[in-house]
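Student: I would like to go through this model with you and ask, term by term, what each label rests on.
Tutor: Then let us look at it together and set each value beside its cut-off.

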Amino acid sequence: MDATYRVAEETSVVDCHAHISAKEFDEDVEAVIEEAKKVGVKAVVGVTESRAEFGAMIDLHNRYPDFVAPCLGVHPVQSLCPDRSATLEDLDGVEELIREHQDKLVAIGEVGLDFTPRFIKTELDKVSQREIFSRQDSHIEKWSRKQEIEEKAPANNLRNRERLSCPLHTVSELLVSGAKNVILHAFDGKPSNALKGIEAGYYFSIPPSIVRSPQKEKLVKSVPLSNLLLETDSPALAAEKQTRNEPKNVCISCQAISRIKGVPVHTVYEETTKNALKLFPKLQRFIRK
């Protein structure tokens, strides 16, 4: 095991965005989790894309309650054949399930806006996405108020990655919506378009695919360490194309940020974990130093 991995073992690391309940992990999820723990990962923030995945995510949390930090949410693009923009029918029963499991959840996610042209057939698709986003954001507000009254950790939300041809537009829409505690995961926009998000206190999580993405390198150069998080987006966005990504690979993201920022690896681990705890207060119970 090399020096970087030894540093990770001595540090509390959080993978802030992973599809840990995806079918790609059905056969060996226990081994995947153990490998992540070996490199110092203390928690994986697990996200869903559709209501059909909610049960698997909650089951996984029940199996690994001190490692899998669950989120439930409906992604703006539904992974079907062919993939399509989400519709209001995709929200059927979602609020009830979120309410049922709210004490276990660390966030609502994966939610957001994704106007990638191939998913937007008509302007109505954009209207539907905005309505879906608004309704889930209202769940977050209700949940936050309830938990504040009960003196529990406030809820936080998790937004999907930015994949627009005009990224500034969607960042502006998030600002207008009043969205707070936002992660723009695997942000694909120009660094200059990330500025408004930085000013609003949004966070940008960096996947291992940064090692093959000049755009992500430019983003990391532009975004302060105080606004960065580590993620894998497992099983997607691995360092090598067409390979399965895993939570242990947050080490790759960390090494890349360290190199680009010119700061020690342990500093990146420490600062990104501090940022994760600010964004997800419920993660405190996962981090035991």
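Predicted model: local features only at pLDDT ≥ 70, side-chain atom pairs only at ≥ 80, totals over all residues.

Student: Why are the buried residues of α2 said to line one face of the helix?
Tutor: The buried residues of α2, which spans residues 29-38, are Val 29, Val 32, Ile 33 and Ala 36. Seen down the helix axis, they fall within an arc of 95 degrees, so they line one face of α2. These buried residues pack against β2 (41-46), α3 (54-63) and β3 (68-72).

Student: How do you know that the residues listed by UniProt for "binding site" gather at one spot?
Tutor: The unreviewed UniProt entry lists His 17, His 19, Glu 110 and Asp 233 under that name. They span 217 residues in sequence, yet no two of their C-alpha atoms are more than 10.8 Å apart, so they gather at one spot. From this set, His 19, Glu 110 and Asp 233 belong to the lining of the largest pocket.

Student: What is known about that largest pocket, and which residues lie nearest its centre?
Tutor: The largest pocket has a volume of about 640 Å³ and is lined by 26 residues, of which His 19, Glu 49, Glu 53, His 75 and Ser 79 lie nearest its centre. By class, its lining divides into nine nonpolar, seven polar and 10 charged residues. For the second largest pocket the volume is about 160 Å³, and its lining has four nonpolar, two polar and three charged residues.

Student: Why is Glu 110 called buried?
Tutor: The cut-off for buried is under 20% relative accessible area, and Glu 110, with a value of 2%, is therefore buried. Glu 110 is found in strand β6 (residues 107-111), and a cis peptide bond, with omega about 20 degrees, joins Gly 109 to Glu 110.

Student: How do you know whether Asp 233 is buried or exposed, and what does Asp 233 touch?
Tutor: Its relative accessible area is 5%, so Asp 233 is buried. Leaving aside residues up to four places away in sequence, Asp 233 touches His 17, Ala 18, His 19 and His 185. Asp 233 is found in the loop between β10 (228-230) and α9 (250-261).

Student: Which value of phi does Ala 186 have, and why is Ala 186 called buried?
Tutor: Ala 186, although not a glycine, has a positive phi of about 50 degrees. Its relative accessible area is 0%, so Ala 186 is buried, and Ala 186 lies in the loop between β8 (183-185) and α7 (195-199).

How values were computed: Residues numbered from 1 in each chain as written. Heavy atoms only, no water. Buried < 20%, exposed > 50% of the residue type's maximum accessible area, 1.4 Å probe, protein only. Helix = DSSP H or I, 4+ residues; strand = E, 2+ residues; numbered from the N terminus. Arc of directions from axis to C-beta. Contact = heavy atoms within 4.5 Å. 1 Å grid on protein atoms, 1.4 Å probe; cavity = no way out; pocket = protein on both sides within 12 Å on 5 of 7 lines; lining within 4 Å. Points joined across faces, edges and corners; volume = space filled by probe spheres on them. Nonpolar A, V, L, I, M, F, W, Y, C, P; charged D, E, K, R; others polar. UniProt positions renumbered as here; feature names shortened; annotations may be inferred.
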